[in-house]
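Please read this briefing alongside the sequence and the coordinates.

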2 protein chains.
Amino acid sequence: MTDHEKELQKQVFGIAENAVKASRRMAGIDSAYKRETLMKIADRLDKKADDIKFRNEIDLDAAREDSIPEAMINRLILDDGRIKSMTEGIREVASLKDPVGEIIETIDRPNGLKIEKVRVPLGVIGMIYESRPNVTGDAAALCLMSSNVVILRGGSEALNSNLAIGHLIRDVLAETRIPADALQIIDNTDRKIIGYLTTLSGLVDVIIPRGSQEMIRSVSRGSSVPVIGHGKGLCHTYIGAAADKKKAIEISLNAKVQRPGVCNALETLLIHRDAAEEVLPELCEKMEAAGVQLRGDEKTRRIYDMTDASEKDWGTEYLALILSIKIVESTDEAVGHIQHYGSGHSDAIITEDKTDAEKFLNEVDSACVYVNASTRFTDGNQMGLGAEIGISNQKLHARGPMGLKELTSYKYKIKGSGQIRP
Amino acid sequence: MTDHEKELQKQVFGIAENAVKASRRMAGIDSAYKRETLMKIADRLDKKADDIKFRNEIDLDAAREDSIPEAMINRLILDDGRIKSMTEGIREVASLKDPVGEIIETIDRPNGLKIEKVRVPLGVIGMIYESRPNVTGDAAALCLMSSNVVILRGGSEALNSNLAIGHLIRDVLAETRIPADALQIIDNTDRKIIGYLTTLSGLVDVIIPRGSQEMIRSVSRGSSVPVIGHGKGLCHTYIGAAADKKKAIEISLNAKVQRPGVCNALETLLIHRDAAEEVLPELCEKMEAAGVQLRGDEKTRRIYDMTDASEKDWGTEYLALILSIKIVESTDEAVGHIQHYGSGHSDAIITEDKTDAEKFLNEVDSACVYVNASTRFTDGNQMGLGAEIGISNQKLHARGPMGLKELTSYKYKIKGSGQIRP
C-alpha cells in the first residue's frame with residue numbers, strides 16, 4: 001500500500017468514525033424534531049436554488065467537455081423543476097410515519113421477563129450512487145427521518161452538485177441538535193475509496209449501491225459490510241391463454257413505453273400460444289407505433305414480422321424502446337422462463353383465469369408479482385409505502401421498494417426482576 | 001484452476017442446481033404435510049439411533065487418533081441422550097407456527113390495486129458449521145419447516161455422523177412429496193468447496209456460517225451470497241449505582257458460570273464506582289468459589305486482589321471461567337465501553353433506577369439489552385420465539401435469535417383489473 005493509499009484509507013476511516021459518533025447522538029432525537037429539521041432543509045434548498053444551479057453548471061460544463069453521452073448529461077441537470085421536485089420529496093418524507101421506536105412485538109414470559117421487540121435505526125449507511133445529484137437530497141431525507149446517519153459517495157461527474165446540496169444540508173444541521181456529521185459526503189473521487197469503505201464492518205452497518213449491475217457487482221465483491229443492491233430489473237409480462245385482449249395490450253404497452261429507462265419497465269413479453277394469434281398483431285402494431293423495436297422467437301415471427309430474438313435477448317435488460325417476445329406452450333413454461341432469465345424484480349400475468357393467476361403469483365419468485373396490472377407500479381409511492389431509497393431485488397432484509405421501515409433493524413428490550421437461567 | 005478444482009466447482013454447482021429445483025417444488029407443500037414429515041424424520045432417527053451411534057464412533061475414533069482436544073471430542077459425541085434431544089428438537093419445530101404464507105400487510109390503493117405482502121421462504125440456504133453433528137438435524141428441521149431447502153457443510157471431523165443423519169432424513173423425504181434434495185450434505189471435505197459455494201449468488205440465497213469468529217470471517221470474505229454470521233458474543237453486565245446487591249451478585253454469577261462456553265455468557269463485568277465497595281468483595285468471592293479466574297482494572301484491584309486486566313481482556317470472548325472487571329464513573333462510561341468493546345449480542349444493566357435502565361436500553365446498540373436479568377436468556381426458546389438456527393449479531397435481516405420467521409423473506413402479490421401507470 002502506497003503512502004497515498006494509506007492516507008486515503010485513514011481519511012475514510014475518519015469519516016466512518018465521525019459517522020458512528022453522530023449515529024449515537026441520533027438516539028436522542030424525536031420524530032417531531034426530525035420532521036422540523038427536514039422542513040428547514042427543504043426550505044433552505046429552495047431558497048438557495050441559484051447556488052445549487054451555479055455549482056451544477058460546473059459539473060455540466062465538465063461533462064460536455066468530456067463528451068459524456070447526452071442521456072447521462074440529462075440525468076445530471078439540476079434545473080428549477082428538479083430542485084423543486086427534490087425539496088417536495090424531502091417534505092413528503094417529513095410527513096411519513098416514523099418507524100423508529102415502533103414496538104413490533106411484545107412477549108410476556110412465564111418467568112416474568114417482559115420482552116419488547118423494538119424498531120431501531122440500522123446505524124451508519126454507506127450509499128454509493130451515480131450521476132443524478134437529486135438522489136443526494138432524497139437519500140439524506142430518508143436516512144435522517146429513520147434516525148440513520150449516511151455517508152454519501154456519488155459519481156465524480158456530479159461532485160460539485162452533490163457537495164452543493166450536501167453542504168447546504170450540513171449547514172442546516174449545524175443549527176440543530178442533529179449532528180452535521182449525520183450526513184457526510186466523500187469529496188475524494190478516487191475509486192479506491194469504495195474498497196476502503198466496504199471493509200469497515202463494525203463501523204458501517206450497510207452499503208447501498210444504486211446504479212448499474214457492474215457497479216453493484218464491483219461494490220459487493222470484497223465487501224465485508226452487508227450490501228443491499230438496487231440493480232437489475234428484467235421484468236416480464238405474460239399474456240395467459242385466458243387473457244382479456246384489451247387489458248393485455250394496454251398493460252404491456254404501458255409497462256414498455258411509459259418510461260422505458262427504469263428498472264420496473266417491461267423487457268420480455270411472454271404470450272401463451274392460444275392467445276398469440278388474436279393478441280400479437282394489434283399489440284405489435286401499437287408497440288411499433290410507439291417506437292418500440294421488436295425482437296421475436298420463431299413462432300412469434302410467424303405471426304408478425306420482426307427481428308430474430310437471440311438467446312442473449314432473453315437475458316438483456318434493454319432500458320430502451322426494445323421488446324423481446326416469446327410464445328410459450330403453458331403457464332409452466334412462462335414461469336420457468338421467468339425463473340431462469342428474470343431478475344426477481346417485477347413480473348405480471350394477464351389473465352381472467354383465477355387458478356392461472358394464483359399459480360403465477362405463487363410460483364414466480366420475484367419481489368412484486370402482478371395480475372392484470374402494469375409492472376410500472378413497483379415503486380414505494382405507487383404502492384403506498386412512501387418514498388424509497390431504491391428497489392431491492394435480493395431476498396434478505398429488504399425486498400422490493402426500500403423505504404423508511406426497511407432502513408431499520410430491531411432490538412429486544414428485556415425487563416426482569418432478578419431472573420436467572422436455571 | 002486445476003482440473004481437480006474445476007471438478008469440485010462443477011460438483012458444488014450441481015448441488016446448488018438440484019437445490020434450486022427442489023426449492024421450486026417446496027411451494028406446493030402445506031404446513032400439515034411439513035409437520036407430518038418432520039415427525040416421521042424424528043421417529044426414523046430414534047429408531048435408527050444405533051446406526052447413527054455406529055457411524056459416530058468412526059468419527060470419534062479418528063478424532064482420538066488425531067489427538068483432537070477433549071472439548072472438541074465432547075461436542076462430537078452422539079449418545080442416546082443427544083440423539084433423543086435432537087429428535088425432541090425436531091418434534092418441537094414441527095409444532096411451531098408455520099411462517100410461510102402469512103399475510104404481513106395488506107394495502108388497498110385508491111386506483112383499485114390490492115397489494116398483499118406475503119411471507120415466503122428464503123429459498124436455498126447454505127449452512128456451514130463445525131463439530132456438533134446434532135446441528136444437522138436441527139438445521140434440517142428448521143429449514144424444511146420454513147419451506148427452505150438447505151445445503152449442509154459440516155466439519156470434516158463429523159462427516160460420518162452428519163452423513164448418517166443426513167442420509168436417514170433423505171430416505172424419509174424420498175418417501176414423501178418433499179424432494180430428497182431439500183436436504184443435501186456436501187460430503188467432500190476440501191475447504192475450497194466453501195469458496196465455490198459462497199460465489200453462487202443467484203442459486204444460493206443466503207449463507208449461514210455457525211462457528212468461530214475466524215471461520216465466519218473467512219466465509220464472509222469473498223462471498224457474493226449474503227451471509228448471516230452467528231458468531232461472537234462478548235457480553236457485559238453493568239452493575240449500576242442503584243443496583244440491588246443481591247440481584248447484582250446472583251445475575252452476574254448466573255451469566256458467568258451457568259454455562260461459560262456459550263455466546264450469551266458474561267465476559268466483562270462493569271460496575272459503577274458507587275456500588276463497587278459494597279458489591280465487589282462478595283461477588284468476587286462467589287465467582288472464585290465457582291472456579292472463576294478474575295482479572296480487574298486498577299481500581300477494582302484496590303478493592304479485591306486479582307490479576308491485572310490488560311487492554312486485550314476487554315476485547316476477549318473467553319468462553320471459559322475467566323471474568324474481566326472494570327469500575328466505571330458513570331452509566332455513560334459503561335455504555336461507551338460496551339459500544340467500543342462489545343459484539344452487539346447481549347448486555348445487561350442491574351439497577352433499581354428506571355431512568356438509568358431506560359438510558360441503558362436505548363443507548364446500548366445490541367441485539368438483546370436487559371434490565372435485571374441474566375444475559376443467558378438470549379435464546380429462541382427462552383425468549384418464546386421457538387427453536388433457533390443461531391443467534392445473529394448483525395443488524396441486517398435477522399438480529400438476535402434466528403428462528404423460522406427469520407428464515408423467510410416476503411413478496412408483494414398485487415392484483416389489478418387493468419391498471420396502468422398514468
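The notes below go from the relation between the chains to sheets, domains and single elements.

This is a predicted model, in which local features need pLDDT of at least 70 and side-chain atom pairs count only at pLDDT 80 or more, whereas totals for chains, interfaces and linings use all residues. Residues are numbered from 1 along each chain as its sequence is written, and chains are lettered from A and ligands numbered from 1 in the order in which they are written. Chain B is superposed on chain A by a rotation of 180° with 0.0 Å of shift along its axis, at an RMSD of 0.0 Å, and the two copies are thus related as by a two-fold rotation axis. The superposition is by least squares on the C-alpha atoms of residues with pLDDT of at least 70 in both copies.

**The interface between the chains**

- The contact between the copies involves 54 residues of chain B and 53 residues of chain A, two residues being in contact if their C-beta atoms, placed from the backbone, lie within 7 Å.
- On the side of chain B that touches chain A, the elements giving two or more residues are helix H10 (245–257), helix H15 (354–363), strand S13 (368–373) and strand S16 (408–419) of chain B; helices (H or I, at least four residues) and strands (E, at least two) are DSSP runs, numbered from the N terminus.
- The most is given by S16(B), with 11 residues.
- By class, this side of chain B has 22 nonpolar, 18 polar and 14 charged residues, where Ala, Val, Leu, Ile, Met, Phe, Trp, Tyr, Cys and Pro count as nonpolar, Asp, Glu, Lys and Arg as charged, and the others, Gly among them, as polar.
- B:His397 is the residue of chain B that comes closest to the rotation axis, its C-alpha lying at 1.9 Å, and the same surface serves both copies, since 98% of the contact residues of chain B recur in chain A.

**Sheets and strand pairing**

- An open sheet of 10 strands, with mixed pairing, has the order S1(A)-S2(A)-S16(A)-S13(B)-S12(B)-S7(B)-S8(B)-S11(B)-S9(B)-S10(B); two strands pair if DSSP finds at least two bridges between them.
- Its edge strands, each pairing on one side only, are strand S1 (103–108) of chain A and strand S10 (307–308) of chain B.
- Within chain A, strand S2 (residues 114–121) and strand S16 (residues 408–419) run antiparallel and are joined by 8 bridges, with A:Tyr410 in S16(A) as the bridge partner of A:Arg119.
- Between the chains, strand S13 (residues 368–373) of chain A pairs with S16(B) in the parallel sense over 5 bridges, and A:Cys368 has B:Tyr412 as its bridge partner.
- Strand S9 (residues 293–296) of chain A runs parallel to strand S11 (residues 322–328) of chain A, with 4 bridges, and A:Leu294 stands opposite A:Leu323 in S11(A).
- S9(A) is also joined by 2 bridges to strand S10 (residues 307–308) of chain A, again running parallel, with A:Asp308 in S10(A) as the bridge partner of A:Gly296.

**Domains of chain A**

- The domain assignment, whose bounds come from an automatic or database source, gives domain 1 (3–230 + 398–415) and domain 2 (235–382) of chain A.
- The C-alpha centres of these two domains of chain A lie 35 Å apart, and 4 residues of domain 1 are in contact with 5 residues of domain 2.

**Burial in chain B**

- Strand S7 (residues 235–239) of chain B has 5 of its 5 residues buried, so it is largely enclosed by the rest of the structure; a residue is buried if 20 or more other C-beta atoms lie within 10 Å of its own, exposed if 12 or fewer, and partly exposed in between, with C-beta atoms placed from the backbone.
- From S7(B), B:Cys235, B:Thr237 and B:Ile239 point one way and B:His236 and B:Tyr238 the other way.
- S7(B) pairs in the parallel sense with strand S8 (residues 266–272) of chain B over 5 bridges, and B:Thr237 stands opposite B:Leu269 in S8(B).
- In helix H9 (residues 213–220) of chain B, the residues B:Ile216, B:Val219 and B:Ser220 are buried.
- The buried residues of H9(B) fall within an arc of 95° seen down its axis, so they line one face of the helix; the arc is that of the directions from the helix axis to the C-beta atoms.
- Their cover includes strand S3 (124–129), helix H8 (192–197) and strand S6 (206–210) of chain B.
- B:Phe13, in helix H1 (residues 3–26) of chain B, counts as partly exposed because it has 15 C-beta neighbours inside 10 Å.
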